[in-house]
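Open the model in your viewer and keep the sequence panel beside it. The tour below goes from stop to stop, saying what to select and what is there.

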Amino acid sequence: MPLISLKELLKEAVENRYAVGGFDAGEHGFAEAIIQAAEETKAPVILMVPEVFLKLVAVDSFFPYLINRIRSSSAHVDLHLDHGTCYESCLQAIHYGFTSVMIDGSLLPYEENVALTKKVVEAAHAAGVSVEAELGHVGGSEETIMEGSVADERFFTEPEEAADFVKKTGVDALAVSIGTVHGVYRGTPKLDLERLSAIRSRVDIPLVMHGGSGLTDQDFKNVIQCGINKINYFTAISHTAVEAIKEKLQSTEGKVFYPDLITIALRKAKEAVVKQIEIFGTRPRSGF
Ligand SMILES: [Zn+2]
């Protein structure tokens, strides 16, 4: 199938009140697991390449590989740059044919985040590419597994500021900070649903929640009910794959061929993606 922009893909999610999963792939195996999960469920997915993982791959072969793989599959996929940190990395993804980019200016002063996001939006929209930005800041680490993080209320998204940000930047989707963190949680996460509803009532574009790993099925239902349409989910899937490898190594005392080991891990990863697609209520696109 041809790739689909984030804006186009989330249109039906907004209309029918479900969320589409944004799943990270830092290498070929997870990309395959995510695409296979989308093919199996017939549900759309957002295949995200995090900028922090680009040091692990050769971009000039990995990006064209992803695009060809998606085109040759039956799945509906938006190919997305996750946590782009600068204008140049967003332009690079757009150049290769990504259909959405995230520009993360969430740690910049407000006016600088507005200016950077606006600049990326202008370039992306000229190429038919959608843009996600972040306002407020979702803590934790996207790169390393830390001991565990707790959300800091000082970085939660302010509803009035969110409305102003969307108006000034023309962005297509907004990641909000409402109590989630990246990576592993320390303690039980507490989501500020009142704040989320207040943002939803002032902003008319799809809202995004990062840091989905570690939340309960009920948490997902609640945030979707309050207006989240894209959920980023990676740490728990990575954990599932790593655990599968550990178990196989233990049960065979390391006497296993690498392809067998990796196949088991990726099958578990695919099953974990399928499960989240079901929990998020993602439906096949109409006419599919
Ligand atoms: Zn994130």
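Predicted model: local features only at pLDDT ≥ 70, side-chain atom pairs only at ≥ 80, totals over all residues.

Start by selecting Lys-42, which sits in the loop between H2 and E2. To find a residue, count from 1 along each chain as its sequence is written.

Is Lys-42 buried or exposed, or in between? Lys-42 has 15 C-beta neighbours inside 10 Å, so it counts as partly exposed. The rule behind this takes C-beta atoms placed from the backbone: a residue is buried if 20 or more other C-beta atoms lie within 10 Å of its own, exposed if 12 or fewer, and partly exposed in between. Now look at the backbone of Lys-42: its phi is near 60°, a positive value in a residue other than glycine. Most residues other than glycine have a negative phi.

**The whole chain**

Zoom out. The protein chain has ten helices and eight strands. Its radius of gyration is 18 Å, close to the 19 Å that the globule rule gives for 288 residues, so the chain is as compact as a globular protein of that length. The radius is taken over C-alpha atoms, and the rule is 2.2 Å times the number of residues to the power 0.38. Along the principal axes, the C-alpha trace spans about 60 × 40 × 40 Å.

Of the 288 residues, 47% count as buried. Two residues are in contact if their C-beta atoms, placed from the backbone, lie within 7 Å. Among contacts with a separation of 6 or more, 73% join residues 24 or more positions apart.

**Helices H2 and H10**

Select residues 28–41, which form helix H2, and then residues 258–279, which form helix H10. H2 and H10 pack at an angle of about 45°, with their axes 8 Å apart. That angle makes H2 oblique to H10. Axes are lines fitted to C-alpha atoms, for helices over the stretch in contact, and angles run from 0 to 180 degrees between N-to-C directions. Angles under 35 degrees count as roughly parallel, over 145 as roughly antiparallel, 65 to 115 as roughly perpendicular and the rest as oblique.

The contact of H2 with H10 contains ten nonpolar, three polar and three charged residues. For these classes, Ala, Val, Leu, Ile, Met, Phe, Trp, Tyr, Cys and Pro are nonpolar, Asp, Glu, Lys and Arg are charged, and the others, Gly among them, are polar. To see part of the contact, show side chains on the H2 side, including Phe-30, Ile-34 and Ala-37, and on the H10 side, including Leu-266, Val-273 and Ile-277.

Glu-253 is exposed, with 7 other C-beta atoms within 10 Å. Its phi is positive, about 50°, although Glu-253 is not a glycine.

**Helices H4 and H5**

Next, select helix H4 (residues 87–96) and helix H5 (residues 110–126), whose axes are 10 Å apart at an angle of about 20°. That makes H4 roughly parallel to H5. The residues of this contact divide into eight nonpolar, no polar and one charged. Tyr-87, Cys-90, Leu-91 and Ile-94 in H4 meet Leu-116, Lys-119, Val-120, Ala-123 and Ala-124 in H5.

**The loop between E2 and H3**

Finish at Val-52, in the loop between strand E2 (45–50) and helix H3 (59–71). Val-52 counts as partly exposed, with 16 C-beta neighbours inside 10 Å. Which residues does Val-52 touch, not counting residues up to four places away in sequence? They are His-83, Glu-142 and Glu-143.

Lys-55 is exposed, with 9 other C-beta atoms within 10 Å.

Definitions and conventions: Helix = DSSP H or I, 4+ residues; strand = E, 2+ residues; numbered from the N terminus.
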